[in-house]
Amino acid sequence: MTIRNTLQDHGQRYRPRMASLKKSEKVLLEMQDPKTGLKSQPQRLVITTIPHAITGEDIIAWLADRFQVDTQEARSFGSMLVALGYIYPLQDHKRLVIKPDASLYRFQTPYFWPTQQLPVEDTDYAIYLAKRNIRKKGILEMHEQEHYNRLHKWMNHKWDFIVMQAKEQYRAAKERKKPDRVVFDCQERAYWVVHRPPPGTVSAMDYGLDRQIDPNSDEAVTPDFYERIMIFTQQSIMRPRVKSSVSIGALVKYCATYNNHDPFLSNCLPSNPWITDDVTFWTLNMPCVEIPTKMRVERWTFSFAELLSDTRGRDDFRLFLKKEFSGENLAFWEACEDLKWGKAASIKEKAEHIYKTFLARGAPRWINIDGKTMEVTVKGLKHPHRYVLDPAQTHIYMLMKKDSYGRYQKSPVFKDTVKKAICPDEHRFSGAQLEQNYKKRRPCLSPIILRQMEQEQRAKMAANIDITQLCRFTTPVPHLAVYSGFTDYPTATASPSLTFLAHTPACPSPISVALDSTSVSERRVEEAEGDGNPAARAPVGGNVSKSRMALSLRRLLKGGCTPATMFASLSPKCHSAAGTSSRIQPISPDQPSQAPPRRLGNFFQIKVDIPPECRIYPIESEDEEEESRAAFRGGVGAKEIICPWESLTTQNGTG
Amino acid sequence: MLLCLHIWFLEVVSNCSDDGSHAKDHHLSLPVSTGDLTTSAMGEMEELRKEMENLKDQITAARKTFQDSTLQEAAAGVTVVGRVQLKTRKTLRGHLAKIYAMHWGTDSTLCVSASQDGKLIVWDTITTNKVNAIPLKSSWVMTCAYAPSGNLVACGGLDNMCSIYNLKGKDGNVKVMRELAAHTGYLSCCRFLSDTEIITSSGDCTCVLWDIETGTQKTVFAGHQGDAMSLGVSPDFKFFISGACDFTAKLWDIREAECRQTFGGHESDINAIGFFPNGNAVITGSDDATCKLYDLRADQELLTYQDASIMCGVTSLAPSKSGRLLLAGHDDFNVNIWDMLKAERVGVLAGHDNRVSCIGVSSDGMACCTGSWDSFLKIWN
């Protein structure tokens, strides 16, 4: 059984974009209404009288009156009717437009309307061309002649039939009355102008590309089809809804709120770059500007989402949170976004970093989420994917929205921003200036470059302000207080135990547990070694410089170094490593290699974690070199301990 | 997943119809072709059809109970917009054939356009310079998209593939980074979620979420019964909406991979679709020469944008920054500007010499770009 969906039969038969033809036909019938329609009269054209002709200006006037539009729109509407072949011009028959003057038009007979779906066949066209060729004795237009020749070649097998048909039609036409004949000729000509347009003209019959699914095909309706719809409908009936007054109210309010921020509806300051060719507006509204504009700051108050979507707004909010000591919420939110949209390969690593920084018990930036969400999240982190942090992120988002955002808007930080925000004066360019602006236009910066700049700036800011953010190599350690800042930096004696703790499974990250028993840092070291870590394979000369570095670090530590920027870029773990080396590493040459090599290797190797840009060497001085030389003279044993980058196997071999 | 659904259908049928087991048996033995159906099966089908109609009535009733006000009422007190007059500020010349699609980058000055001369052009619109002109393997291109990061552009068409191009290549070379092939119909629309994910809609009635890095399909969104013509991603990137030639629009949850809502009401193919800027409503543009606004939260149609003098189908649409204006491109070479709240026509952009095929408002709302079959792009403001 087949059910033909009558709705879908809109007479387009693989012809997309033609569904609206029925509407134009309705208008056309109205136009031809004897009472309210257009008045037509016989018109003399050259030597023949043509019945029911109308002038272009009449058509336009009628349309303008009917639809209450201005003449310009009425004209384009009329032109559309001409282009579709409902009305055809009598004089300039190749230009399918309505001219607002006394030029004459006629209504096409419904037989030739596009909705009749006459198959536009080449055979018919060939007959038409042949007929004209007979009548006008070879005077075809250029493109028609080309068509004619081509069709002749293609349809050679039935050309006799075509010529015969053409002759027959010609004879039949001669027997008609002259006005009838002229009218029919015009109609036919108009039909072919629409369907076989001269080159270079726009054809309204151009449907674009065919649809894949034939809209008129008989749809195979199986019970399955109904069932699918029923299931879905049943679900839909149960879905929660909001009263329309509420949701509509929100839409109206949104429009009202953003009305002044819509450049189509209100002016923008200082000027619209599209009008003045002056890009000050965009410069002032760059993602990372020092001082935002008033309008931008105003947008931050509209909604929390608006604030977070603007990088500058987020910076401002971050500053506020920092003063409230709750910066970890925003940092967590950003880390989640980063995880969600980042590369698939980095998901595992990022998830682990997020876990260690924000979620693990006693993590350096422990976020405050309820136990249930935490449980779900931690469980999910065993097999991390893009959306694994969604529940936690939503929780934190709502927390910030409900709590911090309100206080932010009342905070001195925000008030200060509002006070500082600039309100640029409107540009008043003279004609000459505008011309100059036009000449001075420069291509905009590529977003790729812009983002790089932004990232650089961000990195710079992070190094200056947010020290804790860079503690990314911290393994979670139960007592958070020790690690919360560099002023509480663990003393040299405490550090070894700490490092060992880091490697005991006191608080293993779920990921590394899920993976296998090796901790990630170890794995990473293995990878690094596999890559041919230059330090690991460096000759003795290289060792000297490395040990020198360890020494210089030690010196720095001894000197009671305060948390300078350099430390900000180093992880606590590498401090502890350096600290330990300072403790174990004696100057005396006969240092026994009493420290268990495996352990040492382990915690030294963590040093590999330091990103290369963090390896800042203090300026070397003479005595340092001496010391290092002394250390080097220390022999094999000393070398083992001092050189953290020496591979384990070598250590074992020599030790 | 389909199989699961199938089994579920069976269960539901056996639960809700009186002769459940009977229906189930029949269903399993039914041939795919409908020609061999017995009369008893036809009676059964009739029953199913009635049941479906019944459910549809129920949903209409359910929707009605929440319809306690209309947009006309709510917008009655809103100030009138007045006539909106935008002028052509720039004309981007360079394509040699019909332009089928354009998409703005996130930075409001760069945009990408696709034309059937087989070129994908990235424009610096303020200087009207071409940043990149990318020759395509298949010239039958129907859609293009600019990634939010600005690193990638994508296009596709009758080659049934979505090709991703990397703009960040060394020494300015733009290379095909990935060709996502699995659709069995032409590609009608594509939109990036990020540098790693893209959603495509196709003539094979499905939409697909792709993993660009691996080039594999992550999710297939099947449910439309006609060519899917366009899609729009919600501002929070959690949902997308697709419009199709079965006259319906469907809202999909990207993460859960399921259809959340279906909206009917149009009388012809939906060619264009988009979200209201706050993400709580969608706008559709159809071949029946109307646009409609649907509210997602109240789950119903709010308004129809139509005019007796507009005869031609809608090809493309875009809301303005505030959502107050709706710009709709039509087959009749014009773009109509509507007051979204009052459903009144407040302006016309006339300037193209052929069908307007695509339209986009830049992310800062400063300008709107139209592309046409006359091979030009115009920037209006």
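Figure 1. The side chains of A:Arg314 and A:Glu334 are joined by a polar contact of 3.1 Å. A polar contact is a pair of N or O atoms within 3.5 Å; within protein, one atom must be able to donate a hydrogen and the other to accept it, and residues adjacent in sequence count only if both atoms are side-chain atoms. With residues up to four places away in sequence left out, A:Arg314 touches A:Leu307, A:Leu308, A:Leu330, A:Trp333 and A:Glu334, where contact means heavy atoms within 4.5 Å. The model is predicted: local features need pLDDT of at least 70 and side-chain atom pairs count only at pLDDT 80 or more, while totals for chains, interfaces and linings use all residues. Residues are numbered from 1 along each chain as its sequence is written, chains are lettered from A and ligands numbered from 1 in the order in which they are written, and side-chain values use heavy atoms, with hydrogens and water left out.

**Figure 2. A nonpolar surface patch with A:Leu445, A:Ile449 and A:Met453.** Together these three residues have about 250 Å² of accessible area, computed by the Shrake-Rupley method with a 1.4 Å probe; for residues, only the protein chains shown count as cover. Patches are made of residues with over 30% relative accessible area and no salt bridge; like charges are joined within 9 Å, and nonpolar side chains (Val, Leu, Ile, Met, Phe, Trp, Tyr) within 5 Å. A:Leu445 is located in the loop between helix H20 (431–439) and helix H21 (447–464) of chain A. Because its relative accessibility is 41%, A:Leu445 counts as partly exposed; buried means under 20% relative accessible area, exposed over 50%, and partly exposed in between (1.4 Å probe, protein chains only).

**Figure 3. B:Ser234 in a loop of chain B.** Beyond residues up to four places away in sequence, B:Ser234 touches B:Phe239, B:Phe240 and B:Phe275.

**Figure 4. The interface of chain A and chain B.** In this interface, 96 residues of chain A are in contact with 139 residues of chain B. The area buried between the two chains is about 10,000 Å², with 64% given by carbon and sulfur atoms; buried area is the accessible area (1.4 Å probe) that two parts lose on being put together, summed over both. Six salt bridges are found across the interface, a salt bridge being a side-chain nitrogen of Lys or Arg within 4 Å of a carboxyl oxygen of Asp or Glu. The side chains of A:Glu73 and B:Arg345 form a salt bridge (2.7 Å, N to O). Helix H8 (residues 223–238) of chain A supplies the largest share of the side of chain A that touches chain B, 15 residues.

**Figure 5. Composition of the two chains.** Chain A has 31 helices and six strands, and 48% of its 655 residues are buried. Chain B has four helices and 28 strands, and 62% of its 381 residues count as buried.
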